[in-house]
Amino acid sequence: MDEKVLVIARKNLPQAWLGSQVVIKASKEQVNQLTSFIEWQSRVAVETNESFKQIIPYLILQNPASKQIAMYQRAGNEKRLHGLYSVGLGGHINPVDQQNKDTFMDIVVRASQRELAEELCGFEANNFAFKGIINEEITKVGRTHLGFVFLINMAVQPKPGEELKNFQWIDKEFLHGYRLELWSEMALQLLN
């Protein structure tokens, strides 16, 4: 079945967000200005259509006491990322994530809560600290996706789902020893 996903036409995004490798701090207010431009499209139709950017919440988990970051090896549906390590959880936003009169950020946060529960076997959180936007035009995946980065402080040890292969907590300074996906490298810059 072809799912509907949240997108914004590339022409409606701020030009500053569309460089070849962009990491930009943004406020919720800036993001909410795009509410009138969001639309639902067939995932199959936009997966390789560079006229649209699929909106992806990208959730970084951090232990507030140790400051360690959660990391895992890619093994999910996105085969183009298999074998790389990631510090971000997330996925596509679906119509079930929207309620009446939601702002763009309301939808992204609700999708983040759903994705977190799916990836971490029912885990719930509501402390989503929005950090900014990541975009890259280097990879095939990047040319059709736009990341919204959140930091979630998590003091408990969640149970990772089967797509989170080799899930572990690691000190931020040791992440450079792993082959990280490009989005992870970019998103980590927003934590400084």
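I take contact to mean heavy atoms within 4.5 Å. The model is predicted: local features need pLDDT of at least 70, side-chain atom pairs count only at pLDDT 80 or more, and totals for chains, interfaces and linings use all residues. Residues are numbered from 1 along each chain as its sequence is written, and side-chain values use heavy atoms, with hydrogens and water left out.

**Entry: M105**

I started with M105 and looked up its contacts. Leaving aside neighbours within four places in sequence, M105 is in contact with K28, V31, N32, F130 and F150. M105 lies in helix α3. My helices (H or I, at least four residues) and strands (E, at least two) are DSSP runs, numbered from the N terminus. For cover, I call a residue buried under 20% relative accessible area, exposed over 50% and partly exposed in between, using a 1.4 Å probe and protein chains only. M105 counts as buried because its relative accessibility is 3%. I also checked a distance: the C-alpha atoms of M105 and L34 are separated by 9.4 Å, and the two are 71 residues apart along the chain.

**Entry: the nonpolar cores**

Next I looked for cores. A nonpolar core is a set of buried Ala, Val, Leu, Ile, Met, Phe, Trp, Tyr and Cys residues joined through side-chain atoms within 4.5 Å. Which residues touch the most other members of the largest core? They are I55, L61, F104, L116 and F148, in a core of 35 residues. The elements that give two or more residues to this core are β1 (4-9), β4, β5 (69-74), α3 (104-119), β8, β9 and β10 (164-170). Helix α3 gives the most, with 6 residues. Another core lies apart from it, of 19 residues, including I56, I134, L180 and M186.

I then followed L116. Not counting residues up to four places away in sequence, L116 touches L59, L61, L89, F123, A125, F128 and I152.

**Entry: helix α4**

Is α4 mostly covered or mostly open? It is mostly covered: 6 of the 8 residues in α4 (residues 182-189) are buried. I listed them as L182, W183, S184, M186, A187 and L188. They pack against β2 (21-24), β4 (52-62), β6 (85-86), β7 (88-89), β8 (128-136) and β9 (145-153).

I looked at S184 in this helix. S184 has a relative accessible area of 0%, so it is buried.

**Entry: aromatic rings**

I paired rings of Phe, Tyr and Trp (its six-membered ring) if their centres lie within 6.5 Å; planes under 30 degrees apart count as stacked, over 60 as edge-to-face and the rest as tilted. How many aromatic pairs are there? The count comes to 8. In one of them, Y58 and W183, the ring centres are 5.5 Å apart and the planes stand at 80°, so the pair is edge-to-face. Y58 lies in strand β4 and W183 in helix α4, so this pair ties together parts that are 125 residues apart in sequence. Both Y58 and W183 are buried.

F167 and W169 also pair edge-to-face, because their ring centres are 6.0 Å apart and their planes are at 85°. F167 is buried at 16% relative accessibility, and W169 is buried at 17%. I found a cluster too: ring pairs link W17, F104, F128, F130, F148 and F150.

**Entry: strand β9**

I turned to β9, where 8 of the 9 residues are buried. Two strands pair if DSSP finds at least two bridges between them. β4 and β9 run parallel over 9 bridges. Here Q54 has H145 of β9 as its bridge partner. β8 and β9 run antiparallel, joined by 6 bridges. I noted F148 of β9 as the bridge partner of I133.

**Entry: positive phi**

Last, I looked up backbone angles. Most residues other than glycine have a negative phi. K67 is not a glycine, yet its phi is positive, about 65°. K67 sits in the loop between β4 and β5. Its relative accessibility is 47%, so K67 counts as partly exposed.

C121 is not a glycine either, and has a positive phi of about 50°. C121 is in the loop between α3 and β8. At 44% relative accessibility, C121 counts as partly exposed.
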